[in-house]
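User: I would like to learn how to read local features in a structural model, one at a time, with the cut-offs stated as we go. Could you take me through the structure shown here?

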Amino acid sequence: MGDLQIEVEAVEPVAYAASPLLMFKLRIRQNGPEPTSIHAILLHCQIRFEPAKRSYSAEEKQGLRDLFDRPERWGQTLKPMLWTHAHATTPPFTTTIVADLPVPCTYDFNVAATKYFGALESGEAPLTLFFSGTVFQEAEAGLQASQLPWNLEASYRLPIGVWKALMDHYYPNCAWLCLRKDVFDRLHRYKSRHGIPTWETALERLLAEEKP
C-alpha cells in the first residue's frame, strides 16, 4: 500500500435524513509509484473544533461566553474542542476515490458543538479531522488487513452557512431546547394553570414578567 492522503473536498447538508445530517466528501488518494488494489477502508474519524484559528465579532464573543468565558480569558480557555466521532466504509479503489462520511448533528443547545455553531454569525468553523481504521488490500498471499497510520489527519474550514441551512431545513424558524424533567414539569404546570395554548406563549409571558 502506498501512502494514503485524505482531504475534505466539500460538505453538503442531507435534505431527507431521519435527523440533521452533514455529508463530508473525502478525497482519499493512494500515493506512490505502485499503488495496490484496496478492497475497502473501515474509516473512523474524530472531528475537533479549532476555535483559536479564526477571529470573532463582538456579538459572537458574547454568544461564546458559555463555552470560553470572557474574551480576556481566551488565552487560557480558547482550546481545541471535540465535536463528534463519525464512521464510513469506502468502496474498492486503486489510486483515488471520493468517499462519503456522514456526520449527525444535533440542535440541542445544551451541547457544546451547537453552542459553538449557534454563536457564529458568518465565516467558517475551523476543523481538524483525525482518521484511524483498517485497510483491506490485495497482497501476494491474498487479502491483507493493515491499520491506517496514526498521524493521518485533514484540516477543513466548514462554512457556517452550511450548518445554518441544515438546521433551517429541519427546524424552520425554531430552536431546540432540552429541559431537565423537573423544570419541564414546572413549566407545564404554569402553562396549564394559566390556560396558555402554546409553549412559546408560556415562555413569552414568563419573560415579560421578568423584572428589568
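User: Is Asp69 buried, exposed or partly exposed?

Analyst: Asp69 counts as partly exposed because its relative accessibility is 25%. Asp69 lies in the loop between helix H2 (65-68) and helix H3 (74-77), where helices (H or I, at least four residues) and strands (E, at least two) are DSSP runs numbered from the N terminus. Asp69 also has a positive phi of about 70°, although it is not a glycine. This is a predicted model, in which local features need pLDDT of at least 70 and side-chain atom pairs count only at pLDDT 80 or more, while totals for chains, interfaces and linings use all residues. Residues are numbered from 1 along each chain as its sequence is written, and side-chain values use heavy atoms, with hydrogens and water left out.

User: Which other residue has a positive phi although it is not a glycine, and where is it found?

Analyst: Asn173 has a positive phi of about 55° without being a glycine, and Asn173 is found in the loop between H5 and H6. Asn173 counts as exposed because its relative accessibility is 82%.

User: How should I read salt bridges, and how many are found in the whole structure?

Analyst: Side chains of opposite charge can pair when their charged atoms come close. The criterion for a salt bridge is a side-chain nitrogen of Lys or Arg within 4 Å of a carboxyl oxygen of Asp or Glu, and a search of the whole structure finds eleven. Asp69, Arg70, Glu72 and Arg73 are linked in a network of salt bridges. Glu72 forms a salt bridge with Arg70, with the closest N and O atoms 3.0 Å apart; Glu72 is exposed at 59% relative accessibility, whereas Arg70 is partly exposed at 32%.

User: Which residue pairs with Glu60 in a salt bridge, and are the two buried or exposed?

Analyst: The side chain of Glu60 meets that of Arg54 in a salt bridge (3.1 Å, N to O), and both Glu60 and Arg54 are buried. The side chains of Asp182 and Arg180 also meet in a salt bridge, at 2.6 Å from N to O; here Asp182 is partly exposed at 37% and Arg180 is exposed at 56%.

User: Which residues touch the most other members of the largest nonpolar core?

Analyst: A nonpolar core is a set of buried Ala, Val, Leu, Ile, Met, Phe, Trp, Tyr and Cys residues joined through side-chain atoms within 4.5 Å. The largest one has 51 residues, of which Phe24, Trp83 and Leu129 touch the most other members. Contact means heavy atoms within 4.5 Å, and, not counting residues up to four places away in sequence, Trp83 touches residues including Phe24, Phe49, Val103, Phe117 and Leu158.

User: Which residues of H5 are buried, and what covers them?

Analyst: The buried residues in H5 are Ile160, Val162, Trp163, Leu166, Met167 and Tyr170. They lie on the same side of H5 because they cover an arc of only 165° around the axis, the arc being that of the directions from the helix axis to the C-beta atoms. Their cover includes strand E1 (3-13), strand E2 (21-31), helix H4 (112-119), strand E6 (124-139) and strand E8 (153-159).

Technical notes:
Buried < 20%, exposed > 50% of the residue type's maximum accessible area, 1.4 Å probe, protein only.
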